[in-house]
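The following exercises concern one protein chain. Please work through each task before reading its solution.

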Amino acid sequence: MRAAPRDGPPAEQLLAVLEALVIELDNDADLKDLMMLDSRRVRKDNRDVLMTRGLQQFADEVEVILGAMRRHGQLRSDLNLDAVRAAIMGLTEGLIRDQVVARRSGFRADYGFADVRKVLEVLVLGLNESVQPLKAAHR
């Protein structure tokens, strides 16, 4: 996977690295299947969770970009960076995994790259300091 661009606003860098992941996996269906279905499978009889080196590097890159977003005022100061990283990675993985599952079963995931990009863009824009949090019914 190509590295995120180091120039431009950090929020754009984050979107670029997420797009690069989606594009790479769209271009290699076997790798997409492997990563989405087997990458972090945990066996009942084994407490070890193995993360591939590539997944760890991807998580590290996202973490660096989130730190830059925070320093540039592009990430709300009340958000925990680990939680944001987990949410971004989980959302991205879920969008891709549902396409894999749909291709192998009757599950519906009728969306393509343009739709994935829009969802990722909404997520990245929603992290911005200027976005006001919604009021929850119960706090």
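**Exercise 1.** In which helix is R85 found? Identify also the residues that R85 contacts.

*Solution.* The structure is a predicted model, in which local features need pLDDT of at least 70, side-chain atom pairs count only at pLDDT 80 or more, and totals for chains, interfaces and linings use all residues. Residues are numbered from 1 along each chain as its sequence is written, and side-chain values use heavy atoms, with hydrogens and water left out.

Begin with the element: R85 is found in helix α4. Helices here are DSSP runs of H or I with at least four residues, strands are runs of E with at least two, and both are numbered from the N terminus. Next, take contact to mean heavy atoms within 4.5 Å. Leaving aside neighbours within four places in sequence, R85 is in contact with A59, V62, E63 and L66. Finally, consider E61: R85 and E61 are 24 residues apart in sequence, and their C-alpha atoms lie 10.0 Å apart in space.

**Exercise 2.** Describe how α4 packs against α5.

*Solution.* Two packed helices are described by the angle between their axes and the distance between the axes. Axes are lines fitted to C-alpha atoms, for helices over the stretch in contact, and angles run from 0 to 180 degrees between N-to-C directions. Helix α4 (residues 81-104) and helix α5 (residues 113-126) pack at about 165°, with their axes 11 Å apart. The two helices are therefore roughly antiparallel, a term for angles over 145 degrees.

The contact is made by I88, L91, T92, L95 and Q99 of α4, together with V116, V119, L120 and L123 of α5.

**Exercise 3.** Which residues of the largest nonpolar core touch the most other members?

*Solution.* A nonpolar core is a set of buried Ala, Val, Leu, Ile, Met, Phe, Trp, Tyr and Cys residues joined through side-chain atoms within 4.5 Å; buried means under 20% relative accessible area (1.4 Å probe, protein chains only). Of the 27 residues in the largest such core, L14, L18, L66 and M69 touch the most other members. The elements giving two or more residues to this core are α1 (10-26), α3 (53-71), α4 and α5, and α1 gives the most, with eight residues.

Now follow L66: not counting residues up to four places away in sequence, L66 touches L14, L75, L81, V84, R85 and I88.

**Exercise 4.** How many helices and strands does the protein chain have?

*Solution.* The protein chain has five helices and zero strands. Buried residues make up 34% of its 139 residues.

Conventions. Parallel < 35°, antiparallel > 145°, perpendicular 65-115°, else oblique. Buried < 20%, exposed > 50% of the residue type's maximum accessible area, 1.4 Å probe, protein only.
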